[in-house]
Amino acid sequence: MSPAQLSLAPAPRGPRPGHARHLTESLLVEVPAAAPDDTNESVFRIFETRPALIGLPVVENGVPIGLINRNIFMQSMARPFHRELFLKKSCIAFMDKSPLVVEGDTSIQDLSFRALENGTKTLADGFIITQGGHYAGMGIGLDLVRTIADMQAEKNRLVMESIGYASIIQKSLGRASREALRQELPDHFLLWEPRDVVSGDYFYFLPREEGFFAALFDCTGHGVPGAFMTLIMTSFLQTTLTEESCQNPGAVLAALNRRVKKALGQVDHSAEEEREETETGSDDGMDAAFCWYDRATRRITFAGAHMAMLLLAPGQAEVDMVNGDRAGVGYATTPLDQRWENQSCVLEEGTAVYFFSDGYVDQLGGERRIAFGKRRLCATLAEMRELPMPEQRQALLAALLAYQGAENRRDDVSALGFRV
(Lines give C-alpha, C1' and ligand atoms only; values in the text may rest on other atoms or scores of the structure.)
Protein backbone atom coordinates (compact mmCIF):
# COMPACT_ATOMS: atom_id res chain seq x y z
CA MET A 1 0.00 0.00 0.00
CA SER A 2 1.44 3.38 -0.93
CA PRO A 3 1.60 6.20 1.61
CA ALA A 4 -0.98 8.14 -0.38
CA GLN A 5 -3.48 5.39 0.27
CA LEU A 6 -2.82 5.18 4.01
CA SER A 7 -5.35 6.74 6.35
CA LEU A 8 -4.20 8.70 9.37
CA ALA A 9 -5.67 7.85 12.76
CA PRO A 10 -6.68 10.77 15.03
CA ALA A 11 -3.84 11.87 17.29
CA PRO A 12 -4.57 10.61 20.82
CA ARG A 13 -3.94 12.95 23.74
CA GLY A 14 -2.76 11.92 27.19
CA PRO A 15 -1.60 8.47 28.33
CA ARG A 16 -2.49 5.55 26.11
CA PRO A 17 -4.65 2.96 27.91
CA GLY A 18 -2.59 0.25 29.50
CA HIS A 19 0.65 2.22 29.21
CA ALA A 20 2.74 3.94 31.85
CA ARG A 21 1.98 7.65 32.23
CA HIS A 22 5.56 8.87 32.21
CA LEU A 23 6.98 6.91 29.26
CA THR A 24 7.48 8.20 25.73
CA GLU A 25 4.91 5.69 24.40
CA SER A 26 2.21 7.70 26.18
CA LEU A 27 2.82 10.42 23.54
CA LEU A 28 2.50 8.02 20.60
CA VAL A 29 0.51 9.35 17.63
CA GLU A 30 -0.25 6.85 14.88
CA VAL A 31 1.09 8.32 11.66
CA PRO A 32 1.72 6.43 8.37
CA ALA A 33 5.23 6.32 7.03
CA ALA A 34 6.71 6.81 3.62
CA ALA A 35 9.27 4.48 2.06
CA PRO A 36 12.51 5.67 0.42
CA ASP A 37 11.17 4.78 -3.07
CA ASP A 38 7.94 6.77 -2.56
CA THR A 39 7.82 9.91 -4.64
CA ASN A 40 7.42 13.47 -3.47
CA GLU A 41 4.06 13.44 -5.26
CA SER A 42 2.77 10.84 -2.80
CA VAL A 43 4.05 12.89 0.12
CA PHE A 44 2.49 16.04 -1.32
CA ARG A 45 -0.93 14.38 -1.56
CA ILE A 46 -0.75 13.21 2.07
CA PHE A 47 0.17 16.67 3.35
CA GLU A 48 -2.48 18.26 1.14
CA THR A 49 -5.26 16.04 2.49
CA ARG A 50 -4.03 16.05 6.09
CA PRO A 51 -3.40 19.68 7.12
CA ALA A 52 -2.86 18.71 10.79
CA LEU A 53 0.08 16.43 9.93
CA ILE A 54 3.32 18.22 10.87
CA GLY A 55 5.73 15.55 9.63
CA LEU A 56 5.98 12.28 7.77
CA PRO A 57 8.50 9.63 8.86
CA VAL A 58 10.46 7.73 6.25
CA VAL A 59 10.88 4.04 7.08
CA GLU A 60 12.94 1.34 5.40
CA ASN A 61 12.37 -2.30 6.34
CA GLY A 62 10.54 -1.17 9.49
CA VAL A 63 13.39 1.06 10.68
CA PRO A 64 13.01 4.87 10.58
CA ILE A 65 15.67 6.61 8.52
CA GLY A 66 14.37 10.16 8.37
CA LEU A 67 11.54 12.65 8.81
CA ILE A 68 9.95 15.04 6.29
CA ASN A 69 8.88 18.34 7.81
CA ARG A 70 5.55 19.53 6.41
CA ASN A 71 6.37 23.25 6.31
CA ILE A 72 9.76 22.81 4.68
CA PHE A 73 8.36 20.37 2.12
CA MET A 74 5.32 22.47 1.16
CA GLN A 75 7.38 25.67 0.92
CA SER A 76 9.81 23.90 -1.41
CA MET A 77 6.97 22.62 -3.58
CA ALA A 78 5.61 26.18 -3.83
CA ARG A 79 8.78 27.51 -5.44
CA PRO A 80 8.85 28.02 -9.22
CA PHE A 81 9.50 24.80 -11.20
CA HIS A 82 10.08 22.72 -8.02
CA ARG A 83 7.05 20.52 -8.66
CA GLU A 84 8.17 19.83 -12.17
CA LEU A 85 11.67 19.05 -10.97
CA PHE A 86 10.97 17.04 -7.79
CA LEU A 87 7.46 15.54 -7.78
CA LYS A 88 8.52 12.32 -9.50
CA LYS A 89 11.73 11.94 -7.50
CA SER A 90 12.27 10.03 -4.25
CA CYS A 91 10.97 11.70 -1.10
CA ILE A 92 14.37 11.39 0.60
CA ALA A 93 15.38 14.60 -1.20
CA PHE A 94 13.52 16.62 1.45
CA MET A 95 14.10 14.25 4.36
CA ASP A 96 15.86 15.21 7.57
CA LYS A 97 18.35 12.37 7.92
CA SER A 98 18.91 12.88 11.67
CA PRO A 99 15.57 13.27 13.41
CA LEU A 100 15.15 12.46 17.08
CA VAL A 101 14.31 8.75 17.38
CA VAL A 102 13.45 7.27 20.78
CA GLU A 103 12.19 3.96 22.11
CA GLY A 104 8.69 3.90 23.56
CA ASP A 105 9.95 2.77 26.97
CA THR A 106 12.13 5.89 27.33
CA SER A 107 11.12 8.00 30.30
CA ILE A 108 9.68 11.45 29.68
CA GLN A 109 12.56 12.92 31.67
CA ASP A 110 15.19 11.26 29.45
CA LEU A 111 13.19 12.25 26.37
CA SER A 112 13.17 15.89 27.49
CA PHE A 113 16.97 15.84 27.88
CA ARG A 114 17.41 14.35 24.43
CA ALA A 115 14.99 16.85 22.94
CA LEU A 116 17.04 19.70 24.41
CA GLU A 117 20.24 18.22 22.98
CA ASN A 118 18.56 17.88 19.58
CA GLY A 119 17.69 21.57 19.47
CA THR A 120 14.54 23.45 18.62
CA LYS A 121 13.72 21.31 15.59
CA THR A 122 12.24 18.63 17.86
CA LEU A 123 9.51 21.04 18.93
CA ALA A 124 8.79 21.99 15.34
CA ASP A 125 9.21 18.60 13.61
CA GLY A 126 8.23 16.21 16.38
CA PHE A 127 10.10 12.96 16.99
CA ILE A 128 9.88 9.33 15.94
CA ILE A 129 8.91 6.61 18.41
CA THR A 130 10.03 3.00 17.98
CA GLN A 131 9.23 -0.29 19.65
CA GLY A 132 12.14 -2.71 19.65
CA GLY A 133 13.87 -0.56 17.06
CA HIS A 134 10.94 -0.67 14.65
CA TYR A 135 8.77 2.27 13.71
CA ALA A 136 5.65 2.66 15.88
CA GLY A 137 4.53 6.27 15.39
CA MET A 138 5.41 9.88 16.11
CA GLY A 139 5.46 12.21 19.05
CA ILE A 140 4.46 15.88 18.84
CA GLY A 141 6.68 18.54 20.41
CA LEU A 142 3.72 20.41 21.87
CA ASP A 143 2.47 17.21 23.52
CA LEU A 144 5.90 16.72 25.08
CA VAL A 145 5.90 20.27 26.47
CA ARG A 146 2.36 19.81 27.81
CA THR A 147 3.27 16.50 29.47
CA ILE A 148 6.38 17.95 31.09
CA ALA A 149 4.34 20.89 32.37
CA ASP A 150 1.70 18.53 33.79
CA MET A 151 4.36 16.40 35.47
CA GLN A 152 5.99 19.49 36.97
CA ALA A 153 2.64 20.77 38.19
CA GLU A 154 1.94 17.41 39.82
CA LYS A 155 5.35 17.40 41.50
CA ASN A 156 4.82 20.94 42.72
CA ARG A 157 1.40 20.01 44.08
CA LEU A 158 2.82 17.04 45.99
CA VAL A 159 5.70 19.14 47.34
CA MET A 160 3.38 21.94 48.45
CA GLU A 161 1.04 19.44 50.12
CA SER A 162 4.02 18.03 52.01
CA ILE A 163 5.25 21.48 53.01
CA GLY A 164 1.72 22.44 54.05
CA TYR A 165 1.53 19.42 56.33
CA ALA A 166 5.04 20.21 57.64
CA SER A 167 3.70 23.65 58.59
CA ILE A 168 0.97 21.99 60.64
CA ILE A 169 3.59 19.87 62.41
CA GLN A 170 5.81 22.89 63.07
CA LYS A 171 2.92 24.88 64.51
CA SER A 172 1.87 21.92 66.64
CA LEU A 173 5.35 21.68 68.15
CA GLY A 174 4.99 25.24 69.45
CA ARG A 175 1.55 24.71 70.99
CA ALA A 176 2.87 23.86 74.47
CA SER A 177 5.03 27.00 74.51
CA ARG A 178 2.16 29.20 73.37
CA GLU A 179 -0.17 27.82 76.03
CA ALA A 180 2.47 28.24 78.74
CA LEU A 181 3.06 31.82 77.58
CA ARG A 182 -0.65 32.65 77.91
CA GLN A 183 -0.82 31.22 81.42
CA GLU A 184 2.46 32.64 82.71
CA LEU A 185 2.51 36.05 81.00
CA PRO A 186 -0.98 37.45 80.30
CA ASP A 187 0.49 40.58 78.70
CA HIS A 188 2.67 39.20 75.91
CA PHE A 189 2.82 38.85 72.14
CA LEU A 190 4.37 36.32 69.80
CA LEU A 191 5.06 37.40 66.22
CA TRP A 192 5.87 34.46 63.95
CA GLU A 193 5.73 35.22 60.23
CA PRO A 194 7.37 32.60 57.95
CA ARG A 195 8.65 34.01 54.69
CA ASP A 196 7.55 30.75 53.10
CA VAL A 197 5.08 28.19 54.40
CA VAL A 198 7.43 26.92 57.08
CA SER A 199 10.00 28.91 59.03
CA GLY A 200 13.61 28.82 60.15
CA ASP A 201 12.66 31.00 63.16
CA TYR A 202 11.21 29.44 66.27
CA PHE A 203 10.49 30.03 69.94
CA TYR A 204 10.43 28.10 73.19
CA PHE A 205 8.98 28.82 76.60
CA LEU A 206 9.37 26.72 79.74
CA PRO A 207 7.76 27.76 83.05
CA ARG A 208 9.28 26.67 86.34
CA GLU A 209 8.29 27.19 89.96
CA GLU A 210 11.02 29.82 90.46
CA GLY A 211 10.50 31.59 87.13
CA PHE A 212 10.58 30.84 83.43
CA PHE A 213 12.98 30.18 80.55
CA ALA A 214 12.26 31.88 77.20
CA ALA A 215 14.02 31.52 73.87
CA LEU A 216 13.75 32.95 70.38
CA PHE A 217 16.05 31.55 67.71
CA ASP A 218 16.78 32.03 64.04
CA CYS A 219 18.19 28.98 62.28
CA THR A 220 20.17 28.93 59.06
CA GLY A 221 18.04 29.64 56.02
CA HIS A 222 14.29 29.68 55.71
CA GLY A 223 11.64 27.46 54.19
CA VAL A 224 12.19 23.69 54.42
CA PRO A 225 15.94 23.73 55.32
CA GLY A 226 15.35 26.32 58.03
CA ALA A 227 12.35 24.43 59.39
CA PHE A 228 14.38 21.22 59.53
CA MET A 229 17.02 23.02 61.59
CA THR A 230 14.35 24.29 64.01
CA LEU A 231 13.34 20.68 64.67
CA ILE A 232 16.95 19.77 65.46
CA MET A 233 17.46 22.79 67.69
CA THR A 234 14.16 22.35 69.53
CA SER A 235 14.91 18.69 70.17
CA PHE A 236 18.40 19.44 71.47
CA LEU A 237 17.11 22.34 73.58
CA GLN A 238 14.41 20.26 75.25
CA THR A 239 16.87 17.52 76.21
CA THR A 240 19.52 20.02 77.36
CA LEU A 241 17.36 22.02 79.77
CA THR A 242 17.32 20.90 83.40
CA GLU A 243 16.20 22.58 86.63
CA GLU A 244 19.67 24.07 87.02
CA SER A 245 20.71 24.70 83.41
CA CYS A 246 17.62 26.71 82.47
CA GLN A 247 18.79 29.37 84.94
CA ASN A 248 22.08 29.66 83.06
CA PRO A 249 21.25 30.69 79.44
CA GLY A 250 24.90 31.07 78.46
CA ALA A 251 25.64 27.49 79.50
CA VAL A 252 22.63 26.27 77.51
CA LEU A 253 23.94 28.00 74.37
CA ALA A 254 27.36 26.42 74.88
CA ALA A 255 25.83 22.96 75.37
CA LEU A 256 23.73 23.33 72.19
CA ASN A 257 26.78 24.47 70.27
CA ARG A 258 28.68 21.32 71.22
CA ARG A 259 25.75 19.04 70.41
CA VAL A 260 25.03 20.59 67.02
CA LYS A 261 28.66 20.61 65.91
CA LYS A 262 29.13 16.97 66.89
CA ALA A 263 25.80 15.82 65.44
CA LEU A 264 26.37 17.52 62.07
CA GLY A 265 30.14 16.96 62.00
CA GLN A 266 30.75 20.68 61.49
CA VAL A 267 34.35 21.75 61.92
CA ASP A 268 36.38 24.82 61.08
CA HIS A 269 36.91 24.60 57.31
CA SER A 270 40.31 26.26 57.70
CA ALA A 271 41.71 23.13 59.36
CA GLU A 272 42.82 21.01 56.39
CA GLU A 273 43.84 18.00 58.44
CA GLU A 274 40.38 17.87 60.08
CA ARG A 275 38.53 18.56 56.85
CA GLU A 276 39.63 15.31 55.22
CA GLU A 277 38.27 13.22 58.08
CA THR A 278 35.26 15.06 59.45
CA GLU A 279 33.97 17.77 57.11
CA THR A 280 30.36 17.13 56.04
CA GLY A 281 29.99 20.19 53.82
CA SER A 282 27.30 21.70 56.05
CA ASP A 283 27.71 24.93 57.97
CA ASP A 284 24.42 25.33 59.80
CA GLY A 285 23.47 26.75 63.14
CA MET A 286 21.40 29.48 64.72
CA ASP A 287 21.33 32.95 66.21
CA ALA A 288 19.44 33.01 69.48
CA ALA A 289 18.24 34.96 72.49
CA PHE A 290 17.87 32.91 75.71
CA CYS A 291 16.76 34.30 79.04
CA TRP A 292 15.83 33.20 82.55
CA TYR A 293 13.51 35.30 84.73
CA ASP A 294 13.48 34.81 88.48
CA ARG A 295 10.14 35.80 90.00
CA ALA A 296 11.33 36.29 93.57
CA THR A 297 14.14 38.70 92.72
CA ARG A 298 12.68 40.08 89.45
CA ARG A 299 16.12 39.44 87.92
CA ILE A 300 16.41 38.56 84.24
CA THR A 301 19.52 36.76 82.98
CA PHE A 302 20.17 36.97 79.25
CA ALA A 303 22.62 35.38 76.83
CA GLY A 304 22.52 36.06 73.11
CA ALA A 305 24.16 34.68 69.99
CA HIS A 306 24.02 37.50 67.44
CA MET A 307 20.72 38.61 69.00
CA ALA A 308 19.89 41.34 71.51
CA MET A 309 17.45 41.88 74.36
CA LEU A 310 15.46 45.13 74.32
CA LEU A 311 14.16 46.60 77.59
CA LEU A 312 11.69 49.45 78.13
CA ALA A 313 10.88 50.34 81.73
CA PRO A 314 7.86 52.48 82.71
CA GLY A 315 8.63 56.17 82.26
CA GLN A 316 11.85 55.42 80.42
CA ALA A 317 12.32 57.63 77.37
CA GLU A 318 14.37 55.26 75.21
CA VAL A 319 14.75 51.53 74.74
CA ASP A 320 17.79 49.87 76.30
CA MET A 321 19.53 47.37 74.05
CA VAL A 322 21.51 44.56 75.65
CA ASN A 323 23.62 43.01 72.89
CA GLY A 324 24.53 39.35 72.87
CA ASP A 325 27.85 37.79 71.89
CA ARG A 326 28.99 37.92 68.29
CA ALA A 327 29.16 34.16 67.81
CA GLY A 328 26.49 31.92 66.33
CA VAL A 329 25.61 28.50 67.69
CA GLY A 330 26.77 25.35 65.91
CA TYR A 331 28.50 26.87 62.89
CA ALA A 332 31.73 25.36 61.57
CA THR A 333 33.72 28.47 62.48
CA THR A 334 32.34 28.62 66.04
CA PRO A 335 34.81 26.90 68.39
CA LEU A 336 33.62 23.75 70.12
CA ASP A 337 34.43 25.35 73.49
CA GLN A 338 32.79 28.72 72.69
CA ARG A 339 31.26 30.43 75.73
CA TRP A 340 28.42 32.93 75.87
CA GLU A 341 28.25 35.59 78.55
CA ASN A 342 25.30 35.88 80.90
CA GLN A 343 24.11 39.45 81.46
CA SER A 344 21.61 40.12 84.21
CA CYS A 345 19.66 43.00 85.71
CA VAL A 346 16.68 43.56 88.01
CA LEU A 347 13.55 44.68 86.19
CA GLU A 348 11.17 47.29 87.50
CA GLU A 349 7.55 46.17 87.62
CA GLY A 350 5.87 46.79 84.27
CA THR A 351 9.09 46.60 82.25
CA ALA A 352 8.65 45.38 78.68
CA VAL A 353 11.12 42.81 77.33
CA TYR A 354 11.57 42.15 73.60
CA PHE A 355 13.49 39.77 71.35
CA PHE A 356 13.54 40.10 67.53
CA SER A 357 15.04 37.95 64.80
CA ASP A 358 17.06 39.79 62.16
CA GLY A 359 14.28 39.24 59.61
CA TYR A 360 12.53 42.27 61.10
CA VAL A 361 15.40 44.77 61.24
CA ASP A 362 17.00 43.60 57.96
CA GLN A 363 13.85 44.03 55.86
CA LEU A 364 14.43 46.44 52.98
CA GLY A 365 11.96 49.20 52.26
CA GLY A 366 11.28 52.91 52.42
CA GLU A 367 12.18 55.45 49.78
CA ARG A 368 15.89 54.62 49.97
CA ARG A 369 15.41 50.80 49.96
CA ILE A 370 17.48 50.33 53.09
CA ALA A 371 16.99 48.03 56.07
CA PHE A 372 14.35 48.81 58.68
CA GLY A 373 17.17 48.91 61.23
CA LYS A 374 17.47 48.72 65.00
CA ARG A 375 17.17 52.46 65.51
CA ARG A 376 13.81 52.60 63.75
CA LEU A 377 12.69 49.51 65.69
CA CYS A 378 13.54 51.10 69.03
CA ALA A 379 11.73 54.30 68.06
CA THR A 380 8.67 52.28 67.05
CA LEU A 381 8.65 50.42 70.38
CA ALA A 382 8.94 53.69 72.30
CA GLU A 383 5.96 55.15 70.43
CA MET A 384 3.69 52.21 71.24
CA ARG A 385 4.91 51.67 74.80
CA GLU A 386 1.51 52.25 76.39
CA LEU A 387 -0.30 49.70 74.24
CA PRO A 388 -1.06 46.21 75.54
CA MET A 389 1.31 43.64 74.12
CA PRO A 390 -1.22 42.05 71.70
CA GLU A 391 -1.89 45.49 70.20
CA GLN A 392 1.85 46.12 69.97
CA ARG A 393 2.14 42.98 67.88
CA GLN A 394 -0.37 44.31 65.38
CA ALA A 395 1.27 47.72 65.34
CA LEU A 396 4.74 46.22 64.79
CA LEU A 397 3.53 44.07 61.92
CA ALA A 398 1.69 47.02 60.36
CA ALA A 399 4.80 49.20 60.67
CA LEU A 400 6.94 46.56 58.97
CA LEU A 401 4.48 46.01 56.12
CA ALA A 402 4.13 49.73 55.55
CA TYR A 403 7.91 50.13 55.44
CA GLN A 404 8.35 47.08 53.23
CA GLY A 405 5.94 48.38 50.61
CA ALA A 406 6.42 46.58 47.29
CA GLU A 407 9.69 44.97 48.36
CA ASN A 408 9.83 41.19 48.69
CA ARG A 409 10.05 39.68 52.16
CA ARG A 410 13.72 38.87 52.70
CA ASP A 411 13.54 36.45 55.60
CA ASP A 412 11.36 34.89 58.26
CA VAL A 413 10.18 37.43 60.84
CA SER A 414 9.69 36.59 64.50
CA ALA A 415 9.55 38.45 67.78
CA LEU A 416 8.66 37.80 71.40
CA GLY A 417 7.52 40.54 73.76
CA PHE A 418 6.24 40.39 77.33
CA ARG A 419 5.72 42.68 80.31
CA VAL A 420 6.74 41.59 83.83
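User: Is Asp196 buried, partly exposed or exposed, and what is its relative accessibility?

Analyst: Let's start with the scale: buried means under 20% relative accessible area, exposed means over 50%, and partly exposed lies in between (1.4 Å probe, protein chains only). At 32% relative accessibility, Asp196 counts as partly exposed. Please keep in mind that this is a predicted model, where local features need pLDDT of at least 70 and side-chain atom pairs count only at pLDDT 80 or more, while totals for chains, interfaces and linings use all residues. Residues are numbered from 1 along each chain as its sequence is written, and side-chain values use heavy atoms, with hydrogens and water left out.

User: Which residue forms a salt bridge with Asp196?

Analyst: The general idea is that side chains of opposite charge can pair when their charged atoms come close. Here a salt bridge is a side-chain nitrogen of Lys or Arg within 4 Å of a carboxyl oxygen of Asp or Glu. Asp196 pairs with Arg195, and their closest N and O atoms are 3.4 Å apart. Arg195 is partly exposed too, with a relative accessible area of 34%.

User: How many salt bridges does a search of the whole structure find?

Analyst: The search finds 12. One of them joins Arg419 to Asp187, with the closest N and O atoms 2.5 Å apart. That pair links distant parts of the chain, 232 residues apart: Arg419 is in strand E17 (residues 413–419), and Asp187 is in the loop between helix H7 (175–184) and strand E6 (188–193). Helices (H or I, at least four residues) and strands (E, at least two) are DSSP runs, numbered from the N terminus. Arg419 is partly exposed at 21% relative accessibility, and Asp187 is partly exposed at 22%.

User: Where do Arg157 and Glu154 lie?

Analyst: Both are in helix H6, three residues apart, which is about one turn of the helix.

User: Which residues make the nonpolar surface patch?

Analyst: First, the rule: patches are made of residues with over 30% relative accessible area and no salt bridge, joining like charges within 9 Å and nonpolar side chains (Val, Leu, Ile, Met, Phe, Trp, Tyr) within 5 Å. Accessible areas come from the Shrake-Rupley method with a 1.4 Å probe, and for residues only the protein chains shown count as cover. In this model, Tyr165, Ile168, Ile169, Leu173, Phe228 and Leu231 make a nonpolar patch of about 610 Å². The elements giving two or more residues to the patch are helix H6 (141–173) and helix H8 (223–240). H6 supplies the largest share, four residues. Phe228 lies in H8, and at 54% relative accessibility Phe228 counts as exposed.

User: Where is Gly132 found?

Analyst: Look at the loop between strand E4 (127–131) and strand E5 (134–139). Gly132 counts as exposed, at 61% relative accessibility. Gly132 and Glu103 are 29 residues apart in sequence and 7.1 Å apart in space, C-alpha to C-alpha.
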